[in-house]
Amino acid sequence: MANTREHTFIMVKHDGVQRGLIGEIIRRFENRGFKLVAIKSIQATRAQLEVHYEDHKGKNYFESLLGYGSSGPAIAMVWEGHGVITAGRSILGATDPIKAQPGTIRGDYATAIGRNVVHGSDSEKAAKREIDVWFKPEEILTWHRAGAQHLHDKY
Ligand code: GDP
Ligand code: MG
């Protein structure tokens with residue numbers, strides 16, 4: 001049975017906000033048939049980013065993740081749907097935008113790895129940890145999407 005309650009954490013990073021890409025990024029997830037179950041604007045703190053990016057501690061770009069990431073607002077979202085973690089990664093495109101395919105967000109809108117516009121969880125475990133950093137459980141809503149039977153054949 002498809003897990004239509006799968007969740008991923010998607011963030012329009014500060015560069016994406018500055019570039020005016022919030023609507024474009026939301027549109028791509030909506031068009032694909034995913035459901036927005038939480039959204040807010042955030043002013044990330046270094047402490048939050050340290051947990052969010054904990055796998056990158058010690059890397060030479062870690063300071064810039066914390067410094068640039070906390071320099072201005074970002075948009076935090078939780079998207080729901082069958083396969084949303086894997087599909088979300090392909091909607092984003094490769095981490096290095098130069099290698100990202102056209103048609104992906106990064107392949108269409110970015111050129112620099114440190115300004116790649118958007119974040120998406122890469123596994124179920126990461127999604128859970130990241131959602132916990134940015135949202136309280138009660139901020140994640142449950143709602144029925146009208147016409148869901150036209151998006152999923154089994155659920
Ligand atoms: P993602 O999951 O595709 O976002 O990529 P990673 O989890 O590997 O890295 C997290 C973020 O760190 C990336 O989105 C980049 O913004 C940044 N990053 C990763 N590798 C590099 C690097 O080699 N140089 C710089 N400047 N930033 C990097
Ligand atoms: Mg990652």
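Which residues are around ligand 1?

Reply: This is a predicted model, in which local features need pLDDT of at least 70, side-chain atom pairs count only at pLDDT 80 or more, and totals for chains, interfaces and linings use all residues. Residues are numbered from 1 along each chain as its sequence is written, while chains are lettered from A and ligands numbered from 1 in the order in which they are written.

Around ligand 1 are His56, Tyr61, Ser64, Leu65, Thr95, Ile113, Gly114, Asn116, His119 and Asp122, a residue being near if its C-beta atom, placed from the backbone, lies within 6 Å of the molecule. By class, this shell has three nonpolar, six polar and one charged residues; Ala, Val, Leu, Ile, Met, Phe, Trp, Tyr, Cys and Pro count as nonpolar, Asp, Glu, Lys and Arg as charged, and the others, Gly among them, as polar.

Val117 belongs to the loop between α6 and β4 (118–120); helices (H or I, at least four residues) and strands (E, at least two) are DSSP runs, numbered from the N terminus. Although not a glycine, Val117 has a positive phi of about 75 degrees. Val117 is buried because 25 other C-beta atoms lie within 10 Å, the definition being 20 or more for buried, 12 or fewer for exposed and partly exposed in between, with C-beta atoms placed from the backbone.

Val118 touches Ile10, Met11, Val12, Lys13, Gly16, Ile25, Leu92, Ile105 and Arg106, not counting residues up to four places away in sequence; contact requires C-beta atoms, placed from the backbone, within 7 Å.

Notes. Contact = placed C-beta atoms within 7 Å.
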